[in-house]
Every structure is written in structure tokens, then in C-alpha cells.
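Trainee: I would like to know how the words used for a protein model follow from its values. Could we go through them one by one?

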Amino acid sequence: MEKRFSEGFLWGGAVAANQCEGAYNEDGKGLSTQDIAPKGIMGPITDEPTKDNMKLIGIDFYHRYKEDIKLFAEMGFKTFRTSIAWSRIFPNGDDKEPNELGLQFYDNLFDECLKYGIEPLVTISHYETPLHLSKKYNGWTNRQLIGFYETYVRTIFTRYKDKVKYWLTFNEINSIIHAPFLSGGIMTPKEELSMQDLYQAIHHELVASALATKIGHEVMPKAKIGCMVIAMPVYPLTPKPEDILQMLKTDRSNLLFTDVHVRGKYPSYAKRLFKENNIEIKMEPGDEEILMNTVDFISFSYYMSVCDTADTTKKSGTGNIMGGVPNPYLEASEWGWQIDPMGLRYVLNTLYDRYEKPLFIVENGLGAKDELVVDEHGNKTVYDDYRIKYLNDHLVQVAEAIDDGVEIMGYTTWGCIDVVSASTAELKKRYGFIYVDRNDDGTGTLDRYKKKSFYWYKEVIESNGASLRD
Ligand code: BGP
């Protein structure tokens, strides 16, 4: 394929602390919401961490990160996205002093990346609120969380200011609508959570996010701070005007998050949303001013698109956290996530048309069951042509979007090494270029093996996209 990716395009991969690190109670780490969610985002929670929770050990990245980063470097990564586990730094979330051992771990991790010229891209909060903040304060429903988050971000910005240039404030911030516990640390069961409390929690996160951007710019004038959302194109199921309006409504429920982050204020359509749902956001003096600290770029995850309709009898859920009506024209993954490479071009164009801000695709990939086999040289590997096809087809659409005039900073595939899945907490749903020998029954050596896609991605990066096939 003809070269379209800019020099300096940030190729890489992404993970999150809670899905890979393990070591859930080592070196002073406190418990997080993930430690009591053994079945994933929508599943039940337990009183204490239980053995069946795959995340407690994860892929043992906490102890094996050097080996893994070496493999990322071998693929030629320019950037590596990971998150900081808040409860490693502040075990309870409301502690006065940070945990030095936790801080030291991320110093070592970022140093290891920089040793290979890999820029760390860091998510400040990725689906893991310190559990104490959930239990005592009911997570982000409580305004005090803004102060705890502020202390946390000041601590990590000051500590890592010379090591980390790219920051994301909250992973998939719009997911709180669907997963209030893992996204917002809210203990109130979703069915009982009022719209008032939900949107008040959203307001607190939006203020906290803007505050992080403000503080980040003060502490690290050269840093780039972005928001992070689930981008999922919503198509009307039919051309019926009712379906078009329904699509607009669903779209806006997500766009509200980027609108506030980029424009620095609530959009005009929020008024009606709030009025119709009896929501009255309690603002404190200064909130509106804080929100005006807008992001440097917009980052997002992209896995699939959905359809929407005003016909409520058709509202069957499909894939991902957001749900939607299946598209009759698209195939789905083994987990029912409908595959739509062109949807990525559409998302890139619509977001850029709306905001004209640089975009960063920080998650994209195919979760699939892999089979570990022995190749002709006697090495264990996975022939994951399905993954190569998925990624190739999406990247071709990224190249199209670049030709459309969209400014794109980089692309990090999700789960560049196999990790525990977020939605179902399984390890058999694999995304990686690197296979990790660990199974959902807890067996496995934790050894790492390069899949076919490992060599494919290495070539894509080396050729700066020229090896892609359209
Ligand atoms: C996003 C999350 C990730 C990740 C990914 C894939 O929603 O930000 O944490 O896991 O989805 O989802 P899953 O792991 O459920 O397949």
C-alpha cells in the first residue's frame, strides 16, 4: 500500500494494569473494584477477592514486564499504552501519603520502555477505583472523589513528568452509563441508580478530568493530555425518520462526553436530556471555569458499530458494553462483536469534522480463541490469520481517513499481549501478538509465545504501513 502514515506516527499496543499486572496485594497495593469482580464488567461482585478472579494474577506482568517490553521493542513499538493502578499509589484512595513501592514500580516500568525508545502512553484511571472509595463514598457519586483524584494526579504528574508525555484521564469515560461500578466505582446496583446520581457522578468525573488537564499542563508544559471514550458508530436500522432521531439521541448520549472535554462546556442538547430525566446537576462555584481546560487530543477505543431503532421490540443487545441492535450486513466475532472496518473511517471523520482535534486510536483488535501449535522449527506459535485480517482491514481504513484529511497521532492495538478480558474476565478471549500460556481454570506456565501476527505487525511498523494490503 502506498505510504500515508506520517513519520512519527505512534504505532504500538495497549493494556491496562488490572488486566495484566496481577500482584493484586503486593508491595502495599490496596484492593480495587476489579479485585472483587471475578466475572467482568457486568458480572456480580464478591465481598472479598476470590480465587476464580483471573485478574489477581493476570499475566503476571508485574514481575515479567521486562521480558514483555523487550518483545514489544522487537516489534518496533513507538508507544506502549498502559494504566497506573490507583490503589498501588494510594491503597485506599483517600490516604495522605502515597505508597513509595507502588511509585517505584511505575518508575521502573517507564524506564524500561524509554530504554527502547518506547513512549509510555498512560491511562490515569482504567476501570479500577480503589475499593475503599467505592465502599465509603459510593465512588464518583460523591464529590469528594474529585479531591482524591486531584491528589493522585498531582502525585503521578510530579513523579513521572520527565518520563511520560502522553496521558489519558479516564478510560472509556462514557462507559459509566452502562457499567457504573467498574467505570465509576459506584456500589449502587445499576437498576437502582437514579439518573440524578448517575449524571452527578459524570459531572464529577468531567470536572476531575478537566482539573487533571489543567494540572498536567502546569506541571508538564510539553505533555499532551487527552480524553478517552468508547467510539461506536450508531447506524439507523432503517431510513425511518423515527430511527434517525433515535440514532441522534444515542449518539448524543456519547458525544456529550467529548463535547464537554473539547468545547469546555455542556452542549445545548444536554438541557433537554436533563429536563426530561429530572436531572439537576449540582455545580460548585468554579466548576464551569475548570471545565474550560480542554484536552489536547481525543483518544478512543474502536471495536464495532451498532444499529439503533425507535422500535423498542428490536432492542436486543449485541457485543461490547454499550449494546445495540445487530446490523444485518455485518459478521460478528466469536463474542458477538460485529466487525466493521469502515466504521472506523466513519468515526475518525465524524469526530474530526466535529472538533478538528488530533485523534488517537488507543484500542482496536479482535478477541478470539487461539490454538497454540508447534511450527516446522519446533516452536510453539498461533496461526492467527483472522487477527491479521481484522487489523489489516481496520488499518487500511485508518489510511483512508488520513487521506480524507483527518489528523491521527497513532494507533495502539488492544491487548498487544494476551490479557484478561474486561467484559467477561476470561483469558480465552485473546487479542495479543504474544500468546500467554494461562487458562481460565488457572493452569498454565505463563510462558510467552510469538504468534504469526507478531511478525506481521513488526513489518507494518517497519514499513510505516506500506506493507498493509488494501
Ligand atoms: C475496552 C476496555 C479494555 C478492553 C477492551 C476489550 O472496553 O477499555 O479494558 O478489555 O474493551 O474488551 P474485552 O476485554 O471485554 O474483550
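Mentor: What follows takes each term in turn and sets a value against its definition.

Mentor: This is a predicted model, in which local features need pLDDT of at least 70 and side-chain atom pairs count only at pLDDT 80 or more, while totals for chains, interfaces and linings use all residues. Residues are numbered from 1 along each chain as its sequence is written, and side-chain values use heavy atoms, with hydrogens and water left out.

Trainee: What makes cysteine 227 count as buried or exposed?

Mentor: Buried means under 20% relative accessible area, exposed means over 50%, and partly exposed is in between (1.4 Å probe, protein chains only). Cysteine 227 has 0% relative accessibility, so it counts as buried. Cysteine 307, with a relative accessible area of 3%, is also buried.

Trainee: How many disulfides does the structure hold?

Mentor: The structure holds zero disulfides. The term requires a pair of cysteine sulfur atoms within 2.5 Å.

Trainee: Is leucine 245 buried or exposed?

Mentor: Leucine 245 has 56% relative accessibility, so it counts as exposed. Leucine 245 lies in helix α9 (residues 241–263). Helices (H or I, at least four residues) and strands (E, at least two) are DSSP runs, numbered from the N terminus. The C-alpha atoms of leucine 245 and aspartate 308 are separated by 9.6 Å, although these residues are 63 residues apart along the chain.

Trainee: At what angle do the axes of helix α2 and helix α4 cross, and what is that called?

Mentor: The axes of α2 (residues 61–75) and α4 (residues 100–115) come within 10 Å and cross at roughly 10 degrees. That is why α2 is described as roughly parallel to α4. Angles under 35 degrees count as roughly parallel, over 145 as roughly antiparallel, 65 to 115 as roughly perpendicular and the rest as oblique. Axes are lines fitted to C-alpha atoms, for helices over the stretch in contact, and angles run from 0 to 180 degrees between N-to-C directions.

Trainee: Which residues of α2 and α4 meet?

Mentor: Contact means heavy atoms within 4.5 Å. On the α2 side, Phe61, Tyr62, Tyr65, Lys66 and Ile69 meet Phe105, Asn108, Leu109, Glu112 and Cys113 of α4. By class, this contact has seven nonpolar, one polar and two charged residues. Ala, Val, Leu, Ile, Met, Phe, Trp, Tyr, Cys and Pro count as nonpolar, Asp, Glu, Lys and Arg as charged, and the others, Gly among them, as polar.

Trainee: How do you know that β1 and β12 pair?

Mentor: Two strands pair if DSSP finds at least two bridges between them. β1 and β12 have five bridges, in the parallel sense. Glycine 12 stands opposite threonine 412 in β12. β9 and β12 pair in the parallel sense over three bridges, with isoleucine 361 bridged to tyrosine 411 in β12.

Trainee: What do the strands form?

Mentor: A closed barrel of eight strands runs β1-β2-β3-β4-β5-β7-β9-β12, with parallel pairing. The twist averages 25 degrees from one strand to the next.

Trainee: Why is β12 called largely enclosed by the rest of the structure?

Mentor: Seven of the seven residues of β12 are buried, so β12 is largely enclosed by the rest of the structure.

Trainee: What is particular about leucine 446?

Mentor: Leucine 446 has a positive phi of about 70 degrees although it is not a glycine. With a relative accessible area of 13%, leucine 446 is buried.
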